[in-house]
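Please open the model in a viewer and keep the sequence alongside.

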Amino acid sequence: MTDSPLNPLELQQLVTKPEAGAVNCFIGTVREFTKGRRTLYLTYEAYEKMAEKKLAQIGSEIQEKWEETECAIAHRTGRLDISEAAVVIAVSSPHRQAAMEASSYAIERIKEIVPIWKKEQWEDGTAWIGDQLEKNRYPRGGPGKEELEE
């Protein structure tokens, strides 16, 4: 978790090793239009201590599911403008299919279990989207730490 711009090359270098025949790097960026509304920028908030634990958990899950993989994940917080990277996932593996599958798995798990919330700033207003799966909305940002620890 960081409030600084993400560098995909740095994450790629963390997972690159001689045994790897494939390195897959997924970069999730801020898009300009969502459901026909023009987005000006996003703001991400996170319960960082728990988010870092959950990101590490996802890395462990990947190593269990796909042998010989290495995984590095970084997610931004704060204000992000259009086209800026919000998340970078780098996975290396001896074979490309495992690297691609593990990257896809990682982004889905991030949306499921990592306490990160985003606020969309549109031309005509703002809204806290809530959790990454958009199942829970939090009008004032994320839930309190007490809710997350239950």
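**A buried tryptophan and its partner**

Select tryptophan 66 to begin: with a relative accessible area of 14%, this residue is buried, since buried means under 20%. The model is a predicted one.

The structure holds 1 aromatic pair. The ring centres of tryptophan 66 and tyrosine 105 lie 5.5 Å apart and their planes meet at 65 degrees, so the pair is edge-to-face. Distant parts of the chain are linked in this way: tryptophan 66 belongs to the loop between α2 and β4 (70-75), whereas tyrosine 105 is in helix α3, 39 residues apart.

Remain in helix α3 and select alanine 98. Alanine 98 counts as buried, at 16% relative accessibility. Neighbours within four places in sequence aside, alanine 98 is in contact with Trp66 and Ser93. From alanine 98 to isoleucine 62 the C-alpha distance is 9.6 Å, although 36 residues separate them in sequence.

**Helix α2 and the cores**

Now select residues 48-65, helix α2. At 1.5 Å a residue, these 18 residues should span 26 Å; the end C-alpha atoms are 25 Å apart, which agrees. Which residues of α2 are buried? They are Met50, Ala51, Leu55, Ile58, Gly59, Glu61 and Ile62.

Centre the view on isoleucine 58. Beyond neighbours within four places in sequence, isoleucine 58 has contacts with Ile73, Ala106, Arg109, Ile110, Ile113 and Val114.

Then display the largest nonpolar core, which has 24 residues; Leu55, Ile58, Ile73, Ile89, Ile110 and Val114 touch the most other members. Two or more residues each come from β3 (37-46), α2, β6 (85-93) and α3 (96-113). The element that gives the most is α3, with 6 residues. A second, separate core comprises 8 residues, among them Leu11, Val15, Ala72 and Ala85. In soluble globular proteins, nonpolar side chains tend to be buried together.

**Charges over rings**

Select arginine 37 together with tryptophan 122: arginine 37 lies over the face of the tryptophan 122 ring, 3.7 Å from the ring centre. Move on to arginine 79, whose charged end sits over the ring of tyrosine 41, at 3.7 Å from its centre.

**The segment before α1**

Finally, select serine 4, in the segment before α1 (8-15). Serine 4 is partly exposed, with a relative accessible area of 35%.

Note on methods. Residues numbered from 1 in each chain as written. Predicted model: local features only at pLDDT ≥ 70, side-chain atom pairs only at ≥ 80, totals over all residues. Heavy atoms only, no water. Helix = DSSP H or I, 4+ residues; strand = E, 2+ residues; numbered from the N terminus. Expected span 1.5 Å × (residues − 1). Buried < 20%, exposed > 50% of the residue type's maximum accessible area, 1.4 Å probe, protein only. Core = buried A, V, L, I, M, F, W, Y, C linked by side-chain atoms within 4.5 Å. Contact = heavy atoms within 4.5 Å. Phe/Tyr/Trp six-rings, centres within 6.5 Å; stacked < 30°, edge-to-face > 60°. Lys NZ or Arg CZ within 6 Å of the ring centre and 35° of its normal.
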